[in-house]
Amino acid sequence: MNKLQRITDYLSAHGLNQAATLDAWIEEGTFEPRAKNEGTGYTILTMAYKAIVSIERYAHSAHLLAAMVAIWMQEQGEEFDDSMVGFSADKTDDELFDIELEFMLSEDVQIVRDANGPLIFMGEQYRIESAPVWVAEDFTLDADIAN
């Protein structure tokens, strides 16, 4: 649900929550338990869901909103599972629009060891947090090269 939070934060930061009412929720969510060892923690499950962003009383161009979302998604790289965004707009009596955006998203949920964590997995305590990725800063290669 981090992806949904990031898109709503982005739209809010660009003023959509000041002139309009911005809301977001999840529909049709599923999750698949995984328990994949990441070395520094586990990917414990993958969540997939339809994310809905609702913008009521929107007064600007639909093209502007669509371009903002498209730019944001492209700047996120490979973050989004489905590049298609569902879009609907209803014109209200006062020449404003009620808009819904639909995203199909998935994201991994990871856990890391924590002596005070609320989760117990394989006899150890964990908390929900992204498992750190260890990157080698240097290495030594020792090899014999033969014809």
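**Close-up views of a predicted model**

**View 1. The largest nonpolar core.** Of its 28 residues, Ile7, Leu11, Val53, Ile55, Leu65 and Phe103 touch the most other members. A nonpolar core is a set of buried Ala, Val, Leu, Ile, Met, Phe, Trp, Tyr and Cys residues joined through side-chain atoms within 4.5 Å. Buried means under 20% relative accessible area, exposed over 50%, and partly exposed in between (1.4 Å probe, protein chains only). Helix 1 (2–13), strand 2 (42–58), helix 3 (62–75) and strand 4 each give two or more residues to this core. Strand 2 supplies the largest share, nine residues. Helices (H or I, at least four residues) and strands (E, at least two) are DSSP runs, numbered from the N terminus.

This is a predicted model: local features need pLDDT of at least 70, side-chain atom pairs count only at pLDDT 80 or more, and totals for chains, interfaces and linings use all residues. Residues are numbered from 1 along each chain as its sequence is written, and side-chain values use heavy atoms, with hydrogens and water left out.

**View 2. The aromatic cluster of Tyr42, Phe121 and Tyr126.** The whole structure holds four aromatic pairs. Rings of Phe, Tyr and Trp (its six-membered ring) pair if their centres lie within 6.5 Å; planes under 30 degrees apart count as stacked, over 60 as edge-to-face and the rest as tilted. Tyr42 and Phe121 are buried. Tyr126 is buried too.

**View 3. Strand 6 and its partners.** Strands pair if DSSP finds at least two bridges between them. Strand 4 (residues 97–113) runs antiparallel to strand 6 (residues 124–128), joined by three bridges. Here Val112 stands opposite Arg127. Strand 5 (residues 119–121) also pairs with strand 6 in the antiparallel sense, over three bridges. Ile120 faces Gln125 across that pairing. Two residues lie between the strands of this hairpin, where Met122 takes a positive phi near 50°.

**View 4. Glu28 on strand 1.** Glu28 sits in strand 1 (residues 21–37). Glu28 counts as exposed because its relative accessibility is 59%. Beyond its neighbours within four places in sequence, Glu28 contacts Ala48, Tyr49 and Lys50 (heavy atoms within 4.5 Å). The C-alpha atoms of Glu28 and Ala131 are separated by 27 Å.
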